Amino acid sequence: MTAQQSHDAMHGAGVLRRVWRGTGMLVAGRVWGVLCTLTTFALLAAELPDGEFGRYTYYLAVFALLDSMVDFGTGAAAVQRTSERPETIGAVLRTARRLRTIAAMIGVLLVGGGALWFDEPGAGWILLASLYPLTHPLELSATVFKNRISLGLPVIARAVGNTASLLIVVVLLQFDVRDPARILTGVALGSTFGNLGQHLAARKHLPAGEIDPAPLRDFLRLSLPLGLAALCQQAYFYVDNLFIRPIAGDAATGYYNLAVRIMSVGIMVAVLASQVSLPWLTREYGRGALWNAIERLSQPLFALAGFGAGLAAPWASPILRLFGEEFVAAADSLRWLLGATVVVYLGSSFLTAVIASGRGTAQLKIAMLGLATNLVGNAWLVPLRGIEGAAIATFATESVVALAALGVLARAGIAEVLSPRGWLWTGGLLAFIAGWGFSSYLPLGPLFESLAGVRG
């Protein structure tokens with residue numbers, strides 16, 4: 001391969017195609033995971049009383065925060081440290097695993113110990129479930145695949161874990177287990193299989209033998225702001241549970257969390273594209289071509305997200321009715337969350353550019369601003385408007401995050417809003433309006449009625 005061919009393979013359209021292909025693989029795996037999760041939700045919504053279903057979704061939100069705390073930026077930091085220096089992967093992963101193990105132990109004390117301290121129903125089972133993040137250090141082995149943008153094996157391993165979680169829930173229901181804490185433990189067991197599978201898939205690609213760890217201080221300097229930022233991001237996505245549950249009750253918590261889960265389906269392409277493209281975008285920043293790469297990657301996604309959310313918004317009630325008539329109470333919340341979904345496609349692309357440019361401290365400040373916005377919004381709006389207020393707070397939070405990230409990029413001279421392609425950033429809003437208008441022509445009413453009838 002000539003030097004020019006090597007350059008084209010690293011920086012040209014070929015890498016962008018691999019990013020899209022890798023994103024497609026992750027989306028396929030995530031779609032399967034979402035189908036497993038929504039099937040689990042449908043089964044539990046039908047089998048558990050509203051309050052018990054709400055408690056289960058509350059526990060899931062807590063464990064999502066626990067996962068973010070255990071990762072604490074180590075995954076992204078490992079990619080950044082090794083994407084251009086693959087020979088360092090053994091040392092970097094050893095340091096990252098140490099950090100994850102310590103964080104997982106702290107998580108056991110906080111989540112499992114907290115459940116015992118507050119005498120949460122099923123506290124012993126929650127303590128047992130809180131042990132599963134101790135397998136998160138194994139997940140770091142998949143860094144070798146992320147750097148190559150070759151994600152087939154990690155996706156398959158994660159899909160096996162998702163399938164295992166669903167099957168365990170089915171078995172528990174067959175044995176008449178209706179305790180949310182026990183069901184949570186079963187789901188955590190499935191996630192453990194996923195982490196173990198990713199490590200086994202990557203093990204032969206990792207260096208063998210005893211390797212000295214990378215310097216802890218240098219790694220922490222990179223991972224700490226990323227970890228705090230990710231924790232803040234997860235917090236402002238799930239902290240509304242801390243307001244909804246005491247104010248509106250367990251049942252309303254379940255209704256709202258189902259709408260949030262549907263939103264998570266909508267944003268997964270944005271999240272996964274950001275993850276897959278980070279090594280490439282980091283290299284493009286070094287070449288001075290970061291903003292061009294962001295435009296090529298994100299503008300089409302933004303327009304597609306706008307059109308899809310616009311199509312879905314008028315059908316919020318029928319979508320929720322598929323899980324039970326009572327879930328229609330979250331229809332207004334879901335419409336706001338669909339709007340927030342479109343904004344996420346802006347915010348995630350801008351935040352990825354901030355990370356790729358090495359501005360971890362700026363990312364942390366943006367995430368803290370987002371968390372503060374969400375806390376203030378929930379404290380003000382949930383008492384006034386219940387779960388719809390929480391959704392409005394989420395929309396406001398994502399808007400603030402997107403604008404703040406764009407501001408950082410503009411001040412750094414990275415964002416070129418007036419570039420020849422700059423006008424395409426209006427595509428998401430225009431597509432949302434077009435999708436909403438076109439939605440009335442879709443004959444979906446009989447289909448939703450039929451599906452609801454099958455469920456009933």
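1. The lining of the second largest cavity draws at least two residues from each of α13, α14 and α16. Helices here are DSSP runs of H or I with at least four residues, while strands are runs of E with at least two, and both are numbered from the N terminus. The share of α13 is the highest, with five residues. The model is predicted, so local features need pLDDT of at least 70 and side-chain atom pairs count only at pLDDT 80 or more, whereas totals for chains, interfaces and linings use all residues. Residues are numbered from 1 along each chain as its sequence is written, and side-chain values use heavy atoms, with hydrogens and water left out.

2. The volume of this second largest cavity is about 80 Å³. A cavity is a set of points, on a 1 Å grid over the protein atoms alone, where a 1.4 Å probe fits but cannot get out; a pocket is an open set with protein on both sides within 12 Å along at least five of seven lines; lining residues have an atom within 4 Å of a point. Grid points are joined across faces, edges and corners, and a volume is the space filled by probe spheres set on the points. Thirteen residues line the cavity, and those nearest its centre are A270, S274, L297, S298 and S349. By type, the lining has seven nonpolar residues, six polar and no charged. Nonpolar here covers Ala, Val, Leu, Ile, Met, Phe, Trp, Tyr, Cys and Pro; charged covers Asp, Glu, Lys and Arg; the others, Gly among them, are polar. Over the whole structure, the search finds four cavities of 30 Å³ or more.

3. The largest pocket has a volume of about 520 Å³. Its lining holds 21 residues, with Y58, V62, L110, V111 and L242 nearest the centre. At least two lining residues come from each of α3 (50–71), α5 (89–117), α11 (216–238) and α12 (241–248). The largest share, eight residues, belongs to α3. In this lining, 17 residues are nonpolar, two polar and two charged.

4. The second largest pocket has a volume of about 410 Å³. Of its 20 lining residues, I262, M263, V265, G266 and L338 are the closest to the centre. Two or more lining residues come from each of α2 (13–47), α13 (250–286), α14 (290–312) and α16 (331–356). The make-up is 17 nonpolar, three polar and no charged.

5. On the surface, a nonpolar patch is formed by M105, W125, L128, L131 and L134, with about 450 Å² of accessible area together. Patch members have over 30% relative accessible area and no salt bridge; like charges are joined within 9 Å, and nonpolar side chains (Val, Leu, Ile, Met, Phe, Trp, Tyr) within 5 Å. Accessible areas come from the Shrake-Rupley method with a 1.4 Å probe, and for residues only the protein chains shown count as cover. M105 sits in helix α5.

6. G73 lies in the loop between α3 and α4 (74–82). Its relative accessibility is 3%, so G73 counts as buried (buried is under 20% relative accessible area, exposed over 50%, partly exposed in between, with a 1.4 Å probe and protein chains only). G73 and L222 are 149 residues apart in sequence, yet their C-alpha atoms are 8.1 Å apart.

7. Side chains of opposite charge can pair when their charged atoms come close. The count of salt bridges is 14, where a salt bridge is a side-chain nitrogen of Lys or Arg within 4 Å of a carboxyl oxygen of Asp or Glu. One of them joins R178 and E47, with the closest N and O atoms 3.0 Å apart. R178 is in the loop between α9 (152–174) and α10 (180–202) and E47 is in helix α2, so the pair ties together parts 131 residues apart in sequence. R178, at 25% relative accessibility, is partly exposed, and E47 is also partly exposed, at 39%.

8. E139 and R100 form a salt bridge with an N to O distance of 3.2 Å. This pair links distant parts of the chain, 39 residues apart, with E139 in helix α7 (residues 136–139) and R100 in helix α5. E139 is partly exposed at 23% relative accessibility, whereas R100 is buried at 3%. Both residues belong to a network of salt bridges that links D71, R100, E139 and R158.

9. The salt bridge of R335 with D332 has its closest N and O atoms 2.8 Å apart. Both residues lie in helix α16, three residues apart, about one turn of the helix. R335 is partly exposed, with a relative accessible area of 27%, and D332 is partly exposed at 41%.
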